[in-house]
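Hello,

Here is the structure I said I would pass on. My notes on a pocket and a helix follow below.

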Amino acid sequence: MRLGFVGSGTMAGGLARGWAAARGESGAPEAMLFADADHERARGLAEDVGGEAMQGNLAVADDSDLVVLAVKPNVLDEVAPDLVQAGTPVLSILAGTSLKTLHEALPGIDLVRVMPNLGAQVRQAVLCVVYGKSLGETERGRIDQMLGLLGDVIELDEGLIDAATAIMGCSPGYLALMAEVLVEAGVSEGLTEDQSLRMVARAMSATGRLLDLHDPTALKNAVASPGGMTEAGLNALEERKIEETLRAAVDASLERVRQ
């Protein structure tokens, strides 16, 4: 499959780097083409992943089997005419943009809506997907295989996409904030920044693997032995209403995407 990117920003880059790492595996794109309003950004990403930067969205769409639509939602109407002219199927990663809205902007185009997170860059993403009804089974299978190279593909009813995005799309940012605080705490106690970051990163990575095997509450209780350091830390977090704070973050994300 020749894969085109209309938009070459952060999430497009994460997807492209993940697929580049899968090059040679079954289902991986055989070529990746890039366009962006900032041509230098498209060129830089193309160089990073062994792709090709092209001048204009129409050129990319015309030369692709599938287009990843990765622009800001507010410029959908601006890029739509070129995509309609090309007629190439579109995989949209536009936040808060329903298939209904996409169909209105891109009449006659086969559509897939995907909400990924940045784990795609290291092929450990969560990718929530909604397939448009007009997409054929063969094309759907090819896309599903290609997405599966980047991580865990979860097909959802579209009404759940916003909630899923607030949980899995935003959570890397929340975890990075926690890591930032923990690293700073380690440095303040005498660890080097490199030592502290390595410890926190490995602990977070291992916790993710453990959550594949254990319920979150059971894992938390297993770590927090009575009278121990973890229990003391968890008590401090509960006293400062960590549960309410995290839920407020999810609610704020949902409010933003639903505006």
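The second largest pocket has a volume of about 970 Å³. On a 1 Å grid over the protein atoms alone, a pocket is an open set of points where a 1.4 Å probe fits, with protein on both sides within 12 Å along at least five of seven lines; lining residues have an atom within 4 Å of a point. The volume is the space filled by probe spheres set on the points. There are 35 lining residues, and M11, A70, V71, K72 and P73 are the closest to the centre.

This is a predicted model: local features need pLDDT of at least 70, side-chain atom pairs count only at pLDDT 80 or more, and totals for linings use all residues. Residues are numbered from 1 along each chain, and side-chain values use heavy atoms, without hydrogens and water.

Among the elements giving two or more residues to the lining are α1 (10-21), β6 (111-116) and α12 (242-257). The most comes from α7, with five residues. Helices here are DSSP runs of H or I with at least four residues, and strands are runs of E with at least two, numbered from the N terminus.

Now for α12. V250, S253 and L254 are its buried residues (under 20% relative accessible area, exposed being over 50%, with a 1.4 Å probe and protein chains only). The face turned away carries the exposed residues E244, E255 and R256.

Regards
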